[in-house]
Amino acid sequence: MRTDERDIPPVIARGYAERQLVVVVPEPMVKPRASEELRGEPQGGFGDRVRHRFEIHKAAQNKQWDLVTDALEKRDWSKAAISWFKYYTNFRSPHSHGVDEVTTTSLNALVKFAEWSKSNKIDKLILPVGKTEAKAIAFPPGHPRTDVLYVGHPAIPNVYYPMADFHRATFEHKFCEAIELLMSLGATQIRVQHVTGWSSELKSKISAPIGSPTEEITLDVGRSSNNRRNLLYEASLSGNKNPTIPGHLVWYPHEPTWQTLARGRIDFGLRDFSLKVTYEDDYGVNVKLKGAVAKAGFEIGGEFEQHQSTVWNLEGKFGT
């Protein structure tokens, strides 16, 4: 028996491995209502027989639609494309002269998934998301766009980036969270030193607000100090006299050393700190995936920023 549509979790409720890679596709059509099994020819008049035959037609239509949804749930893109084509060929409106533009676009998307499946054998890694469900996802400004592959943030279920920006955006977010934690704990001095990985290669600026709307910390990656060439960033703050841990942090629960530092500050009055921000997992978003995406005809949304195993060290002092 086919899983009821209501039992299928929305994209952001699925496990990360299942929803990591998505492509937004047009809505195919509102699913027809489920029909009950029809038995026998009614004994009524002509009108009853017409209605009965219409219901038989609707039952066949629903059965064909079930084949489409079954294939989509199983991510059998080839079967879905074939079933979808049969559905619109046999059950489209008699007033239409062919498959409409939305249907054609949707079918083309499924054909691409079928090609992806055949050539790369990684069809189960891609999740097609309709535009309605995509409204629950936070995309960058100007997105989502057709044929662009998006990668989910590993720690925030509703945030997705174009594949090209995934590593840069994810690392920036983790770095900014570390800065926010230190500021909330009352840091008065923060120095960021490059240990390994990204430094001058990360060409964009990373900005982290410090609470006051008139103050901002800005990191210009690659600008070296006269004293220490690995110094990426340095700031002096007035300090928070009531150390707290922000409640919305997403990396913090997975970083034992961050937790130890926070406890040392809040419970024991820690004065000096040294905290590492590491980014070592490529989450499978690499050059091999980039090549497969290009071969399947999808875009990545810009110039691909390759993963680098990166460690930045944050040192400084807390206030009294």
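1. The model under discussion is a predicted one, and the remarks below should be read accordingly.

2. The burial pattern of helix 6 deserves attention. Trp258, Leu261, Ala262, Gly264 and Arg265 are buried in this helix. They lie on the same side of helix 6, because the arc they cover around the axis is only 155°. An α-helix has 3.6 residues a turn, so residues three or four places apart point the same way. Pro256, Thr260 and Phe268, on the other side of helix 6, are exposed. Helix 5, strand 9 and strand 10 are among the elements that cover the buried residues of helix 6. Just after the helix comes Gly269, with a positive phi of about 70°.

3. Helix 7 may be described in a similar manner. Its N-terminal end is capped by Asn286, a side-chain oxygen of which lies 3.3 Å from the backbone nitrogen of Lys288. Leu289, Ala292 and Val293 are buried in helix 7. Because these residues cover an arc of only 100° around the axis, they fall on the same side of helix 7. Ala294 and Lys295 are exposed on the other side of the helix. Gly297 follows helix 7 and has a positive phi, near 90°.

4. As to the chain as a whole, it contains seven helices and ten strands. Of its 320 residues, 40% are buried. Among contacts between residues at least 6 apart in sequence, 73% join residues that are at least 24 apart. The chain exposes about 18000 Å², of which carbon and sulfur atoms supply 51%.

5. The largest nonpolar core holds 50 residues, and the members that touch the most others are Met163, Leu182, Ile190, Val192, Trp258 and Leu314. Two or more residues of this core come from each of strand 1 (21-25), helix 5 (166-184), strand 5 (187-196), strand 8 (231-236), helix 6 (256-268), strand 9 (272-279), helix 7 (287-295) and strand 10 (310-318). Helix 5 gives the most, with nine residues. There is also a second, separate core of eleven residues, including Val11, Ala134, Ile137 and Tyr160.

6. When its neighbours within four places in sequence are left aside, Ile190 is in contact with Ile179, Leu182, Met183, Tyr233, Glu234, Ala235, Leu237, Phe273 and Glu315. Met183 counts as buried because its relative accessibility is 11%, where the cut-off for burial is under 20%. Met183 and Thr244 are 61 residues apart in sequence, and their C-alpha atoms are 9.2 Å apart in space.

7. His167 is a further residue of helix 5 to inspect. With a relative accessible area of 0%, His167 is buried. Apart from neighbours within four places in sequence, the residues in contact with His167 are Trp198, Tyr279, Asp282, Val285, Phe304, Glu305, Gln306 and His307.

Notes:
Residues numbered from 1 in each chain as written. Predicted model: local features only at pLDDT ≥ 70, side-chain atom pairs only at ≥ 80, totals over all residues. Heavy atoms only, no water. Core = buried A, V, L, I, M, F, W, Y, C linked by side-chain atoms within 4.5 Å. Buried < 20%, exposed > 50% of the residue type's maximum accessible area, 1.4 Å probe, protein only. Helix = DSSP H or I, 4+ residues; strand = E, 2+ residues; numbered from the N terminus. Contact = heavy atoms within 4.5 Å. Arc of directions from axis to C-beta. Polar contact = N/O pair within 3.5 Å; in protein donor to acceptor, adjacent residues only side chain to side chain. Areas by Shrake-Rupley, 256 points an atom, 1.4 Å probe, with all protein chains shown as cover.
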